[in-house]
Amino acid sequence: MNTELSTAGVRGLVALLTAGDVSATEVSAHFQRQIKAQKQLNAFVQIEDNPTVPANNGTLAGVPIAHKDIFCARDVASTCGSNILKNYNPPYDAAIVERAHAAGMVCLGRTNMDEFAMGSSGEHSVYGATLNPWNETRTPGGSSSGSAAAVAARLTPVATATDTGGSIRQPAAFCGVTGVKPTYGRISRWGMVAFASSFDQGGVIAVSADDCALALNALCGFDARDSTSLDVPTEDFTHDIHTPLSGLKIGVPAEFFGDGLNAETGTRVQEALQTMQKAGAELVDVRLPAVNFAIPAYYVLTCAEASSNLSRFDGVRYGLRADNANDLLSMYEKTRAAGFGEEVKRRILVGAYVLSYGYYDAYYRRAMKVRKLVADDFARAFEQCDLIAGPTTPGPAFALNEIADSDPVTMYKQDIYTVPINLAGLPAASVPCGFAGALPVGLQLIAPPMEEARLLRVAHQYQQHTDFHQRLPVTVA
């Protein structure tokens with residue numbers, strides 16, 4: 001293997017391509033070979049056999065990228081990991097795909113994911129489970145399982161992903177890579193298949209915070225086609241990345257270190273906090289009492305939105321249509337029964353229930369009040385600190401088939417530290433901070449709204465004092 005290309009990262013590849021040491025065609029061919037060599041990971045659901053090298057001279061010209069299967073791509077099967085969309089070839093590109101192409105990036109293919117982004121293990125995909133490159137008997141997390149596994153195995157230097165309740169940060173933590181969820185509205189949702197529209201946010205997974213910053217520079221920006229897109233000036237997220245941590249106040253919420261946190265994971269996160277303290281940051285105690293109610297509120301709200309968003313997949317307009325129906329109603333029923341997986345059906349039913357007559361006030365309205373309380377908690381905490389830090393997940397990657405089919409509530413609790421951030425619409429990142437046994441552990445960093453530059457600065461400065469993000473699974477080393 002050409003280790004230099006595999007481990008160069010986004011910035012390293014830009015340097016090699018700019019210097020003329022390697023061509024974009026050679027780079028993409030190298031990563032295509034790696035994808036096929038590690039096909040057992042099931043990280044990709046579609047591979048571009050002849051990747052198109054854009055003719056433009058964008059900021060990331062020639063750098064490969066892989067797109068999560070949730071983003072529409074023109075004339076390419078865009079399935080969201082679901083049987084119901086298995087034959088759906090959109091006539092247009094999602095905004096994030098357009099922006100990657102405009103930056104000159106080369107698309108390597110589409111990455112595996114939990115069906116309609118519903119899952120925390122990468123096991124709920126019609127294409128089968130994605131495997132964790134660090135231990136192939138373990139899950140890579142979800143829903144952006146393929147994107148995280150692909151970056152960890154160095155099958156691509158960067159991948160797009162989405163985060164509704166932790167779907168970028170949790171798999172990034174399980175796979176030992178860096179994942180960034182920007183402020184809600186920073187990246188256009190146009191062309192992203194909706195799960196829960198007021199939560200869904202596109203982002204990136206790469207090896208380092210520096211690489212994530214370069215990718216976000218290309219992918220963020222206002223889009224008039226998305227009514228939730230933030231109309232703010234474009235920003236260089238690397239502008240502050242070399243500023244040391246001296247004088248920075250990092251909030252440490254007690255609620256993130258209570259019962260349920262794996263002891264070894266907690267130790268690694270505390271060691272990370274001490275590293276940042278030695279680098280000049282000040283640690284301050286903050287409280288986020290409402291986050292204890294975040295999980296039930298999140299599932300009420302997202303399931304309600306999912307039951308509405310997924311009603312469009314009825315066999316009439318997209319993908320699968322049952323061919324043994326006698327009338328319109330039975331066609332709807334048979335199509336949805338055959339097209340949706342069990343987890344998606346479970347969430348649609350929960351959503352329909354909480355929105356039904358007589359239960360709206362008891363569930364949906366109450367959950368909306370909790371959402372406001374969580375956002376208020378973070379706002380008060382940020383009056384005392386510049387950034388909040390804690391664990392990304394309660395523990396390291398769990399075993400395949402350990403939770404998925406037997407205990408959905410336990411599975412939902414895997415997102416206990418990430419879901420509150422989505423309720424508040426904040427930017428957050430997960431960076432590798434050590435190992436529990438031989439499995440990676442993630443440190444979560446949370447910033448105030450629109451402070452991605454600060455978030456990436458802290459993540460980059462932490463990575464200047466550690467090398468966990470550069471460690472490789474044995475299959476790559």
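This is a predicted model: local features need pLDDT of at least 70, side-chain atom pairs count only at pLDDT 80 or more; totals for chains, interfaces and linings use all residues.
Q: What makes the radius of gyration of the protein chain agree with a compact globule?
A: A compact globule of 477 residues would have a radius of gyration near 23 Å. The protein chain has 21 Å, which agrees. The C-alpha atoms fill a box of roughly 70 × 50 × 45 Å along the principal axes.

Q: How many helices and strands does the protein chain have?
A: There are 15 helices and 11 strands.

Q: What share of the residues in the protein chain is buried?
A: Buried means under 20% relative accessible area. Of the 477 residues, 60% are buried. The protein chain exposes about 17700 Å², and carbon and sulfur atoms supply 50% of that area.

Q: How do you know what share of contacts joins residues at least 24 apart?
A: Contact means heavy atoms within 4.5 Å. Take the contacts between residues at least 6 apart in sequence. Of these, 76% join residues at least 24 apart.

Q: Where do the mean positions of the positive and negative charges lie relative to each other?
A: They are 3 Å apart. The protein chain has 38 positive and 48 negative charges.

Q: Why is S330 called buried?
A: The cut-off for buried is under 20% relative accessible area. S330 has 13% relative accessibility, so S330 counts as buried. S330 lies in helix α10, residues 328-339.

Q: What makes the approach of the S330 side chain to N326 a polar contact?
A: The cut-off is a pair of N or O atoms within 3.5 Å. The side chain of S330 reaches the backbone nitrogen of N326 at 3.1 Å.

Q: Why is H465 called partly exposed?
A: Partly exposed lies between buried, under 20%, and exposed, over 50%. H465 has 48% relative accessibility, so H465 counts as partly exposed. The place of H465 is in the segment after α15 (452-464).

Q: Which residues is H465 in contact with, leaving aside its neighbours within four places in sequence?
A: H465 is in contact with T275 and A279. H465 and A272 are 193 residues apart in sequence, yet 9.8 Å apart in space, C-alpha to C-alpha.

Q: Why is T466 called buried?
A: T466 has 13% relative accessibility, so T466 counts as buried. T466 is also found in the segment after α15. The side chain of T466 reaches the backbone oxygen of Y462 at 3.1 Å.

Q: Which residues of helix α4 are buried, and what covers them?
A: The buried residues of α4 (residues 95-102) are A95, I96, V97 and A100. Their cover includes β2 (64-68), β4 (158-162), β6 (202-206) and α7 (209-219). Just after α4, G104 takes a positive phi of about 90 degrees.

Q: Is D75 buried or exposed, and why?
A: The cut-off for exposed is over 50%. D75 has a relative accessible area of 59%, so D75 is exposed. D75 sits in the loop between β2 and α4. D75 has a positive phi of about 60 degrees although it is not a glycine.

Q: Is R154 buried or exposed, and why?
A: R154 has a relative accessible area of 5%, so R154 is buried. R154 lies in the loop between α5 and β4. R154 is not a glycine, but has a positive phi of about 60 degrees.

Q: How do you know that the peptide bond from G142 to S143 is cis?
A: Omega is near 5 degrees for this bond. S143 lies in the loop between β3 (106-111) and α5 (145-152).

Conventions:
Residues are numbered from 1 along each chain as its sequence is written. Side-chain values use heavy atoms; hydrogens and water are left out. Helices (H or I, at least four residues) and strands (E, at least two) are DSSP runs, numbered from the N terminus. The radius of gyration is taken over C-alpha atoms; the globule rule is 2.2 Å times the number of residues to the power 0.38. Buried means under 20% relative accessible area, exposed over 50%, partly exposed in between (1.4 Å probe, protein chains only). Accessible areas come from the Shrake-Rupley method with a 1.4 Å probe; for residues, only the protein chains shown count as cover. Lys and Arg count as positive and Asp and Glu as negative; His and the chain ends are not counted. The place of a charge is taken as NZ of Lys, CZ of Arg, CG of Asp or CD of Glu. A polar contact is a pair of N or O atoms within 3.5 Å; within protein, one must be able to donate a hydrogen and the other to accept it, and residues adjacent in sequence count only if both atoms are side-chain atoms.
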